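Here are some friendly notes to read beside the model. Please keep the structure open as you go through the points.

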Amino acid sequence: MKKKVWLGTLLAFAALIIVAGYRFMTDKKADLVIIGTELEGMYMARRAHDLGLKVTVLEPEEKVGGQLLLGEMLYLDETFDDKGNSLVQGSIKQLFHDYYAGQIRKLGDFENYFGSLTKPIRIVKQAKLTAASRENGAVRSLTYTNDKGRAQTIEADYFVDNTDNGALVNLLGVERLPGLEALYQNPEKEYMSATYMMKFKGVDWQSFYGSFWKMNKAERMTLYGPETYVDANIAYGFPPIVARYEPKNPDKVNLRGLNILNQKDGDIIINALQVYDVDPSDPATVEKAMAYAREEMPRIRDHLKQHITGFQNLELNGEPEYLYVREYNHYPTEYTLEASDLLGGEMFWDNVSVGGYFIDIQGSRSNREGFAIGRPDRYGMPLRSYLLKETDNVILTGKLVGATPVAYGSARIQPNGALAAESIGVLLARLEHTGIGLKQVTPDIMNSFQQEMRDKYGVELQPGKGVSKIEGMSPEDIAELNAGHITLLANQNQARTLPFIRVYYNNEEVKFTAHKPVIVDGKTWTPVEELLTAFGARNIRIDLDRGEIRYTQVNDPGRLRTIVAPIHILNNRVLINLREISDLFGYKTYWDNKNRVITIYSDETAPPAL
């Protein structure tokens, strides 16, 4: 009897050794290793897994989900062409469908969705990368420590950086390309602001929605902005309300236009509170940013309660675990997207995605307000923009797409990166056992692959060239556009945005809170509210249909005055001609071209103070 027990124990022990050995061996090799669990890369992981590839995901953090779950960036941005047609394709399209249907709104809903997407995928949490082995221009293996601090090594055919902090690319020592600091001519690295997602409860959405549409057009535009929108699910805009908010820490945070998601039951989440100087590779900067944001939250709550109908009972409703990190380093890829590619509607032979979102340069340390470069129709995103130039088998996803800091303003949008990642997952499965790498694909291979995406998945990667917004522009102007110095307005006029212009009225600088002055056809245009307020105007009302601006003066509140003047719309703000309006008020203007400073005096005999 003892022998039988001993033999059974021995067999069980042997079985455990075999299983452990099998697990050890399988942990050592994968077809695809993905670093990080940002949503975009998870579509690649799922598609590659479903098509038979062995996929392992290494998540450096304790929890999964990145921007979506930890940062709670639950306000989804949809991509459209000029005709209003949605450009969202691939697996993420179902997420948008359920989102608009109200089935996915709260964090728990998104967690369930993420869990169902990644359920078959092996995810190793707290996997801290420590070393990479390279041979003949390719990464052969990665070494990492697991949650118990033990070193593990895994080999793969391809490695994917799917993080918000370039964890793999930084490990490889790849030098970053110039970022926003080059745009603003600053010596220190600069990124678009990160966002602290604001969570509130106690909103009467029906009252908010109803009151908005009961106003006439002029009232809505004046109180909430010319392009502000509200429906039963979302709302966005409100620049006049935002402009009135004074941050406690103005050097660290900024309240930009509100993107509001109705999460039902009186709960909302708002994408609007920007925090500067966040480097996601440096946890200390993230912690400081979270602390600054927390200080603002009670003040923002009180401000919104005062100015928005339906928000009178607004209360704080917890906080996200992390920030929505909008931008990190740009790295050299096989092809770097330019603003002219996007605005020119270019399609590439190796398209893996089709994008279409305005080029939105969010605020940063040097330019708190940010600015928009233009609104593309639709454009292609090539495979080459996701292939790291310095190695043969490293793929980038999501925020690490190969794009200039200007083009990145649109290329970064989630549906663009999600489709690209999923497409690459399909392509990797097609190339398995062919001996052909991603950098060796030919137009014939891509054509066949794009046909498969069309026939099998209903994804159109070659929809035809988009409408060009740069037709007739000179090469010099296109170069300026790519450098971020030109903004294309909706009426096809060009506005010069950089270098920035400062405006002084009676020796006091006019602070523009949502958009800095721009030059259109050689003339300076400024947001109407800030300029007229500096001139003593109050109760400003704008009627776009009539081209009228109505106001009272602080020293004559009983008299309603009217200005009829040309108007431009830029970034949901109404712009007016600075010199023309100054002349109407009887003021003199002086231009210092060297320093790009405009001074305005109400006393025409006063000299310019430059």
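How many cavities of 30 Å³ or more does the count come to?

1. The count comes to three cavities of 30 Å³ or more. A cavity is a set of points on a 1 Å grid over the protein atoms alone where a 1.4 Å probe fits but cannot get out. Grid points are joined across faces, edges and corners, and a volume is the space filled by probe spheres set on the points. Before going on, please note that this is a predicted model, in which local features need pLDDT of at least 70 and side-chain atom pairs count only at pLDDT 80 or more, while totals for chains, interfaces and linings use all residues. Residues are numbered from 1 along each chain as its sequence is written, and side-chain values use heavy atoms, with hydrogens and water left out.

2. The largest cavity has a volume of about 140 Å³. Its lining residues (an atom within 4 Å of a point) include Glu40, Met73, Tyr324, Arg326, Lys399 and Arg412. By class, this lining has five nonpolar, two polar and five charged residues. Here Ala, Val, Leu, Ile, Met, Phe, Trp, Tyr, Cys and Pro count as nonpolar, Asp, Glu, Lys and Arg as charged, and the others, Gly among them, as polar.

3. The second largest cavity holds about 40 Å³ of space. Among the residues that line it are Asn367, Phe371, Phe500, His515 and Pro517. Its lining divides into four nonpolar, four polar and two charged residues.

4. Next, a helix pair. Helices (H or I, at least four residues) and strands (E, at least two) are DSSP runs, numbered from the N terminus. The axes of helix H2 (residues 39–50) and helix H5 (residues 107–118) come within 9 Å and cross at roughly 30°; axes are lines fitted to C-alpha atoms, for helices over the stretch in contact, with angles from 0 to 180 degrees between N-to-C directions. H2 and H5 are therefore roughly parallel (under 35 degrees) to each other. In contact (heavy atoms within 4.5 Å), Leu39, Met42, Tyr43 and Arg46 of H2 meet Tyr113, Phe114, Ser116, Leu117 and Thr118 of H5.

5. There are 23 aromatic pairs, meaning rings of Phe, Tyr and Trp (its six-membered ring) with centres within 6.5 Å. Tyr191 and Tyr328 are 137 residues apart and link distant parts of the chain.

6. Two backbone details. The peptide bond from Leu498 to Pro499 is cis, with omega near -10°, and Pro499 is found in the loop between strands E19 (494–496) and E20 (502–505). Lys264, in strand E10 (residues 253–264), has a positive phi near 75°.

Technical notes: 1 Å grid on protein atoms, 1.4 Å probe; cavity = no way out; pocket = protein on both sides within 12 Å on 5 of 7 lines; lining within 4 Å. Parallel < 35°, antiparallel > 145°, perpendicular 65-115°, else oblique. Phe/Tyr/Trp six-rings, centres within 6.5 Å; stacked < 30°, edge-to-face > 60°.
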